[in-house]
Amino acid sequence: MKAFFLNLTHILEKNPKIYWCVIVGIALCSVLYVVEVVHIQNLLPDVKVQDSSALRATIDPIAQRYSWARITVIIVAIIAANFQYFKTKKELHL
């Protein structure tokens, strides 16, 4: 277990792209959340519905698309970080 943590810290020191993959993924998720809020706020004046279930039926598909987009961004960020991790591990012969 000690060797694992030593190798992990050595790999993280040698390749900062691993951190950047995760940071960019989180930043993009935050941006997507803000874009979702703005999109829904701009949509509400156009939808003149008093019934809350009809309003929910209008907003839910949009919110679901943004949720899937955020999930996709996180998955891509994790895959990119893993790729960088294994690439560095291979270069260091660990």
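**Ground rules.** I am working with a predicted model, where local features need pLDDT of at least 70 and side-chain atom pairs count only at pLDDT 80 or more, while totals for chains, interfaces and linings use all residues. Residues are numbered from 1 along each chain as its sequence is written, and side-chain values use heavy atoms, with hydrogens and water left out.

**Cysteines.** I searched the whole structure for disulfides (a pair of cysteine sulfur atoms within 2.5 Å) and found zero. Cys21 is buried at 17%, and Cys29 is buried at 13%.

**Core.** Cys29 turned up again in the largest nonpolar core. My term here means a set of buried Ala, Val, Leu, Ile, Met, Phe, Trp, Tyr and Cys residues joined through side-chain atoms within 4.5 Å. This core has seven residues: Cys29, Leu32, Ile40, Ile59, Ile62, Tyr66 and Val73. Helix 2 and helix 3 are the elements that give two or more residues to it, and helix 3 gives the largest share, four residues. I take helices as DSSP runs (H or I, at least four residues), numbered from the N terminus.

**Salt bridge.** Which side chains meet in a salt bridge? I counted a side-chain nitrogen of Lys or Arg within 4 Å of a carboxyl oxygen of Asp or Glu, and the count came to one. Arg70 and Glu36 are the partners, at 2.7 Å from N to O.

**Aromatic pairs.** I paired rings of Phe, Tyr and Trp (its six-membered ring) if their centres lie within 6.5 Å; planes under 30 degrees apart are stacked, over 60 edge-to-face and the rest tilted. That gave two pairs. The rings of Phe4 and Phe5 have centres 5.3 Å apart and planes at 70°, so I logged them as edge-to-face. Phe4 is partly exposed at 45% relative accessibility, and Phe5 is partly exposed at 44%. Tyr85 and Phe86 are also edge-to-face, 5.2 Å centre to centre with 75° between the planes. Tyr85 is buried at 15%.

Where does Trp20 sit? I found Trp20 in helix 2 (residues 17–43), and it counts as exposed at 54% relative accessibility. Together with Tyr19, Ile23, Val24 and Leu28, Trp20 makes a nonpolar surface patch of about 520 Å². For patches I used residues with over 30% relative accessible area and no salt bridge, joining nonpolar side chains (Val, Leu, Ile, Met, Phe, Trp, Tyr) within 5 Å and like charges within 9 Å. Accessible areas come from the Shrake-Rupley method with a 1.4 Å probe; for residues, only the protein chains shown count as cover.

**Backbone.** Most residues other than glycine have a negative phi. My last entry is His93, which has a positive phi of about 60° although it is not a glycine. His93 lies in the segment after helix 3 and is exposed, at 71% relative accessible area.

Conventions. Buried means under 20% relative accessible area, exposed over 50%, partly exposed in between (1.4 Å probe, protein chains only).
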